[in-house]
Amino acid sequence: MVKLFENGAYLLNGELLVEDNSEAPAVLSSKLGTAVPSKAEAAKGTMAYSILQAHNTSDDPEQLKIKFDCLTSHDITYVGIIQTARASGLEKFPIPYVLTNCHNSLCAVGGTINEDDHMFGLTCAQKYGGIYVPPHQAVIHQYAREMLAGCGKMILGSDSHTRYGALGTMAIGEGGGELAKQLLGRTYDVKMPGVVAVYLTGEPMKGVGPQDVALAIIGATFANGYVNNKVMEFVGPGVKNLSADFRIGIDVMTTETTCLSSIWTTDTVISDYLALHGRADAYKELNPQPVAYYDGVISIDLSTIKPMIAMPFHPSNTYEIDELKANLDDILVDVEKRARVSFGESCDFTLRNKVIDGKLYVDQGIIAGCAGGGFENICAAADILRGRFTGDDKFTLSVYPASTPVYLELVKNGSVADLMTAGAIVKTAFCGPCFGAGDTPANGAFSIRHSTRNFPNREGSKIQSGQLSAVALMDARSIAATAANKGFLTSATDMDVEYTGKKYFFDSTIYENRVYDSKGVAHPEVEIQFGPNIKDWPSMVPLTEDLLLRVASVIHDPVTTTDELIPSGETSSYRSNPLGLAEFTLSRKDPAYVGKAKAVRNVEEVRRTNSCPCQVEDPAYDAAFKVIKASYPDLKARETGIGSTIYAVKPGDGSAREQAASCQKVLGGWANIAREYATKRYRSNLINWGMLPFLFDQEELPFGMDDFIFIPGIRTAIQEKASVITAYVVKDTLIPFELRLGDLTDDERKIILAGCLINFYKE
C-alpha cells in the first residue's frame, strides 16, 4: 500500500525510480547513456530546489533567506502579527497580505471581542494595503487556492495547514513572528531542506477519497519522522489520475506528517483549475529535471488504498476501516490506553460502550474546512445520501462548504437539497469544527470528521470538569456512508452508489462584491479600529548574562501538541489579548502551571525593581542563590535573570500558533527543554519570543518539578555561538549537566539576546 525506501533514490524523466544502493551506478549508466551526475547535482533537479532558490535572497544555496510572494492569516493570528509589525515600524504591507475571518467567525462568545478583531483587520487592510475576506465567505486555505496560488510561487501563512502544493505553490505554515518579518522586509531563514518523493501509481478505487490516501501516508511517516522538516514532492504516473480537488485534499494533510512544505507536478488538470478561477496566467508546467535525486521515497499504489480511519488521539493512529471492524475490541482498548496518556491514569474514557451488536456506533459526523469542505467531497457525500436519511437518534451530520462560491454551486446543482433532505445541516464556511469551536460533541461522544486533526483536548474536552469526547478522522465518503447507515461505522466502498461527478463552476462575483481588495494601495489616513480586548504585547527584557530557571512543568508524554500548550476552542476569543490568553496556558494538561509560572514571574519583577543588589527577598530563591554564590561569589542576584521553564519530550506538534510560545513568555518563561521539537515552526516561535530552545538528549532527567536550574554566562555563550551549554541543578550543591541549543542563525541569536522579535526590531 505505502512503501518507504530505506535509501534515497534517483528519478529519471519523472517516471523511473532507481534506489540509491550498490547497483544504482550501473543502472543509471545504462539508462542515461552518459555520466551519472553526483547526488548533489541531481538534488538540484527537484521542483522544490528550483522554487526555493528562485525565492532565495542569499548567496548561499544551502542557507536560504526566503522572500515570499504573498502572506495569509486568519482572525486568531492576524491581530498579533500586525501589532508586532506596528510596534516595529510597519508603514505598508510590502506584498499581498490576505486577512480571512474563518476561525472566530461566529462572534458568539466574549461579548464584542470577535467582531472587534474583524474591524481591526478590515481597517488594517485599508490602512496598509491588504485584502480582507469577511466572515463566512471562505476558510483561509480555500480562498488562497481560489485566488492566490500559482505555479512556482511561495506563500507563507500563519496557519499550519498552509499547503497549496497541488496547485504548484510551495506554501509554509509558520508562527506569526515569521510573517511579521516578511511585513518588515526581512527574510525566512532556513537550511535547504531535504526533499522526499511521493511516487504515485495506479488509480483510487470507487469510494476512496483524498483523506483515505492522506491518512495512509500520515500513518506510515509520522512516528518515524520520515519527512520531518523536509519537502514532500508528489510525482509519478498516478498524479494524472487524480482531480485537482483530490490532489488538494491529500496535500493539505501533509502538515500532519510534520513536513516543511509540499509541491506537486502540474498538468492540464491544474491549468484548467486555475483558468476556471480566472487566473490562467498563474499556470506553468512543473516537473523535476530529467535526473533528480531525492533523500527518500514514499511509493504509493493508489489502487491499493482502502477507506481509512484515524482513531483518537492523533492523525497517525490509522487503520483501514475494515481492519478496525475486524479487531474492534483490541483497537478500542488501545484508544483507552492513549486516553490515559493524554488525560491521566484516572481517566475512565472508553469507546467500548459504543459497540452495539458488534458494530461501532458514532454520535456525530462532520465534513468541513480546508480538508473536507471541497466541492467534490460534498458532492460525493450527497450522492451517497440521496434517497437515504440519517435517522432520528443521536447521530447528527453537519457539512461546511469551504467557501461561498463552492456553497453556491452546491445549491445550484442540488447537492445541498439532497444533504438537507437526508437530515444533514449545511452551514457556512468555518474552521471551528477543526479546532473545537463548532459542533462540539456531547460528553462521552464519538465524532467522525473529514477535517485536519483529532488531537486530545481539541474537540471540546475539559478533563478537569469531567468532560471528554473523542474524534476520529475519515473521508467525507465514508462519513456519508456511516450517516446513511444511521451512525453505524461504514466504509464507502461497502455502499452501492452511482457517483454523478458533477462539474464545478466558479462565480467570482461573490468575492468581487464582498471582499475588500486594496490592490496593494495603502491608505495611511485610515484610523485602525481597536476593541477593548486588543492589547499590546507587554514589555520584555533582554537576555541577562546569567540565568536562573525554575521548572514549572514536566511533561513525559511522547508528544505534546500545541493544543495542549495553549488550548484552542473557547480560548480563541483571547488571541488578541496576550495577558488574558496566557491564563489558559497548559490549562488542560497541567492546570498548576499558570500559578507556578506567575510566582516565578513575580520574583523576576521584584528582581528588576528591588534596590538590594544581591537579594530577591524570597526564601527559596535566596537559598538557591546562597548555593550558587558558593561557586560564583561575584554573582549578583539582581542582575541574574529569573524565569520559568517547561520540559516536554517532544513539544510543538500541530498548529503554527505563536501563542503556544508567547503565552509562556508573557508568564515569565525564558526557555523550553526538550528531547526534540516536533516542528520547526514551534521552535521558531520560541526563538521569536526570546526563549531558549534547549535540547537534552537523555531519557533520565537530572531535574524535576520546582527545581532550580542555574545557567551562567548564557548571554556570552549565545554571542560566541556555543552549541553546548553547561547548566547546573541547584540542590545542596551545584550538579552539572549539559544542554544543547542546536543550530541558530545569526539573526535568531540576536532575537534571543534582545529578548524577543519586537525588541530586536526596535534595536
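## Where α4 meets α5

In α4, the residues Tyr78, Val79, Ile82, Gln83 and Arg86 touch Asp117, His118, Phe120, Gly121, Cys124 and Tyr128 of α5; contact here means heavy atoms within 4.5 Å. Sort the residues of this α4 and α5 contact by class and you get six nonpolar, three polar and two charged. Ala, Val, Leu, Ile, Met, Phe, Trp, Tyr, Cys and Pro count as nonpolar, Asp, Glu, Lys and Arg as charged, and the others, Gly among them, as polar.

Helix α4 covers residues 78-87 and helix α5 covers residues 113-128; their axes come within 10 Å and cross at roughly 45 degrees. That makes α4 oblique to α5 (under 35 degrees is roughly parallel, over 145 roughly antiparallel, 65 to 115 roughly perpendicular, and the rest oblique). The crossing of α4 and α5 is left-handed, meaning the near helix is turned anticlockwise from the far one by less than a right angle; clockwise would be right-handed.

## A word on the model

This model is predicted, with local features needing pLDDT of at least 70 and side-chain atom pairs pLDDT 80 or more, while totals for chains, interfaces and linings use all residues. Residues are numbered from 1 along each chain as its sequence is written, and side-chain values use heavy atoms, leaving out hydrogens and water.

## Where α14 meets α18

How do α14 (residues 375-385) and α18 (residues 476-484) cross? Their axes come within 8 Å, at roughly 25 degrees, so α14 and α18 are roughly parallel to each other. Their crossing is right-handed.

Among the residues in this contact are Ala380 and Ile384 from α14, and Arg477 and Ala480 from α18. By class, the α14 and α18 contact has nine nonpolar, one polar and two charged residues.

Technical notes: Axes are lines fitted to C-alpha atoms, for helices over the stretch in contact, and angles run from 0 to 180 degrees between N-to-C directions. Helices (H or I, at least four residues) and strands (E, at least two) are DSSP runs, numbered from the N terminus.
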